[in-house]
Amino acid sequence: VSAKTEFNDTNGALTPFLGAFTQSLNELVERVLPSLVSLRGRRWGAGAGIVWRADGLILTNNHVVGRHPPVVQLQDDREVESRLVARDPDVDLALLAIEASDLTPLEPANTSPRIGEMVFAFGHPWGQRNSVTSGILSAMLIAHSQNGKQIPIIRSDVSLAPGNSGGPLVNVRGEVLGLSTMIMGGDQSLAIPVSMMKDFVEEALSGKKYESRHHQHSSERVL
Amino acid sequence: MMENILVQLSDALATAAERGGESTVLVNARRRIPASGIVYNTDQILTANHVVEHDEDISILLPDGTESPATLIGRDPASDLALLKLEGATATPAEQAKIPARVGQITLALGRPSKEGIEASLGTISAIGRPFHGHHGHGRHGRHGGGGLLDRYLRTDCIPYPGFSGGPLVAADGTVLGLNTSGLARGAAITIPTDIAWKVAESLAKHGHIRQGYLGIRSQTVEIPTAMQNVLKPEQNAETGLLVIGIEDESPAAKDGLMVGDILVGMNGSPIRHHDDLFAQLSGETIGQSMPIDVLRGGQPQTIQVVIGER
């Protein structure tokens with residue numbers, strides 16, 4: 001269900017509470033949507049990505065980026081070729097750069113997440129563009145990466161589907177809590193916490209982490 | 001930015017999870033993954049019976065991070081509840097919701113399946129079901145073969161994460177609406193309402209078991225011929241009853257004159273059609289009371305007063 005149609009379908013019969021609630025949802029969606037991009041590879045369908053900086057940095061899942069950098073489709077329908085800046089299969093993150101200077105980045109959440117707080121996943125599940133699903137933050141867990149590294153992970157009860165991967169998981173203020181990483185099984189919606197995203201970008205830009213020469217063999221999940 | 005209504009709701013939910021979480025513990029009493037439990041009294045933990053696989057070596061991880069050994073006070077397989085005693089630690093008892101659950105109400109299912117902390121999923125009360133003939137899976141502790149019995153249960157669309165059995169379903173204010181378990185409905189998660197769960201806990205705390213009334217008959221379900229159905233009162237007019245095929249010596253049934261060949265059709269004004277009906281009627285409160293038992297004897301309805309014993 002497209003967020004725009006879902007949230008604009010208010011009717012006059014709503015109580016003031018539900019009216020105000022719906023309006024708040026609407027504002028949240030309007031705030032986040034400009035920062036959601038769609039990624040299209042050569043051989044596969046759409047994944048999602050987040051505008052991380054106004055000058056063209058896009059953050060997504062490593063497994064969404066195949067052998068070749070994907071085409072980035074912006075909310076104004078511009079389609080731009082991307083360049084791979086860095087990728088890390090271990091934390092399933094990839095940083096892309098596009099030629100742009102006027103993008104709307106999302107703010108990272110600066111408060112620590114609380115179990116039970118409401119969260120919203122933005123993405124393109126099953127190719128349905130610009131969808132929003134909601135739920136709560138269920139748990140803060142520790143996952144083990146392929147080479148045994150412990151990484152913190154967010155579990156929510158938001159429903160995700162293929163096409164949500166790489167999209168933002170935001171709080172009620174529209175700030176990024178994490179990056180959705182689509183996992184099979186529906187009720188195991190996981191996201192990489194924003195602290196790891198920040199660390200990854202910082203390392204990537206400081207030159208410590210460049211595109212690894214040994215490319216990943218498959219798009220399987222790394223957790 | 002103004003704290004809009006969405007922010008307020010989100011904060012309220014997180015606070016509810018936090019508050020409910022203060023009385024939600026990790027219960028380590030089975031192989032594989034741990035389960036959850038609710039602090040019923042400062043030193044008593046209520047959890048699901050099916051997650052207490054062993055009677056010894058039980059440990060509890062409290063919300064403040066302390067780990068405490070626990071012992072089994074008692075279990076009631078019929079309602080899939082077990083009460084544990086904390087040995088050498090205390091915790092904050094859960095608060096019962098003041099208003100009974102309503103369909104459509106926002107709820108959180110809480111659990112503490114790991115040391116990482118409290119976990120939660122959001123949903124609404126989908127249905128309030130009654131009465132419920134469950135099927136508990138662990139025959140070893142089974143008191144009777146027919147399965148669990150609940151007067152009422154709640155169904156929600158909260159995701160029951162692994163290890164959530166025994167944990168609370170809480171209202172938006174963090175008070176407890178019930179205890180979640182996947183042990184009663186063939187693996188599907190249902191919630192035992194707090195009033196029922198607390199009553200069972202109270203009895204387990206006092207007696208170590210659930211008091212159950214006793215008649216002393218062996219019986220089987222039989223069809224009642226149409227001709228005989230016509231002689232019954234309308235409220236007893238059922239297609240089946242319980243045929244008495246044996247009476248235990250010295251039992252209440254023997255003392256007060258029930259006979260092999262009688263067909264039980266009612267007790268204390270309620271119809272008896274299956275074993276579960278009789279089981280439900282023989283509650284702990286009936287013990288020592290003289291109760292009217294409606295039977296068909298030689299095709300004619302009769303009412304026999306029996307003083308109910310205790311099993």
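Student: How many residue pairs are in polar contact across the interface of chain B and chain A?

Tutor: A polar contact is a pair of N or O atoms within 3.5 Å. In this predicted model, the interface of chain B and chain A has eight such residue pairs, both residues at pLDDT 80 or more.

Student: Which elements of chain B give two or more residues to the side that touches chain A?

Tutor: They are α1 (5-21) and β8 (117-129) of chain B. The largest share comes from α1(B), with 11 residues.

Student: How do the residues on that side of chain B divide into nonpolar, polar and charged?

Tutor: There are 14 nonpolar, four polar and five charged residues on the side of chain B that touches chain A.

Student: How many salt bridges are there between chain B and chain A?

Tutor: A salt bridge needs a Lys or Arg side-chain nitrogen within 4 Å of a carboxyl oxygen of Asp or Glu. Between chain B and chain A the count is two. A:R155 forms a salt bridge with B:E119, and their closest N and O atoms are 2.3 Å apart.

Student: What area do chain B and chain A bury between them?

Tutor: The two chains bury about 2,200 Å², with 62% of it on carbon and sulfur atoms. On the chain B side, B:I5, B:L6 and B:Y161 supply 29% of the area buried against chain A, more than any other three residues. Counted by contact, 23 residues of chain B meet 27 residues of chain A.

Student: What makes up the secondary structure of chain A?

Tutor: Chain A has three helices and 12 strands. Of its 223 residues, 56% are buried.

Terms used: Residues are numbered from 1 along each chain as its sequence is written. Chains are lettered from A and ligands numbered from 1 in the order in which they are written. This is a predicted model: local features need pLDDT of at least 70, side-chain atom pairs count only at pLDDT 80 or more; totals for chains, interfaces and linings use all residues. Side-chain values use heavy atoms; hydrogens and water are left out. Helices (H or I, at least four residues) and strands (E, at least two) are DSSP runs, numbered from the N terminus. Buried means under 20% relative accessible area, exposed over 50%, partly exposed in between (1.4 Å probe, protein chains only). Contact means heavy atoms within 4.5 Å. Buried area is the accessible area (1.4 Å probe) that two parts lose on being put together, summed over both. A polar contact is a pair of N or O atoms within 3.5 Å; within protein, one must be able to donate a hydrogen and the other to accept it, and residues adjacent in sequence count only if both atoms are side-chain atoms. Ala, Val, Leu, Ile, Met, Phe, Trp, Tyr, Cys and Pro count as nonpolar, Asp, Glu, Lys and Arg as charged, and the others, Gly among them, as polar.
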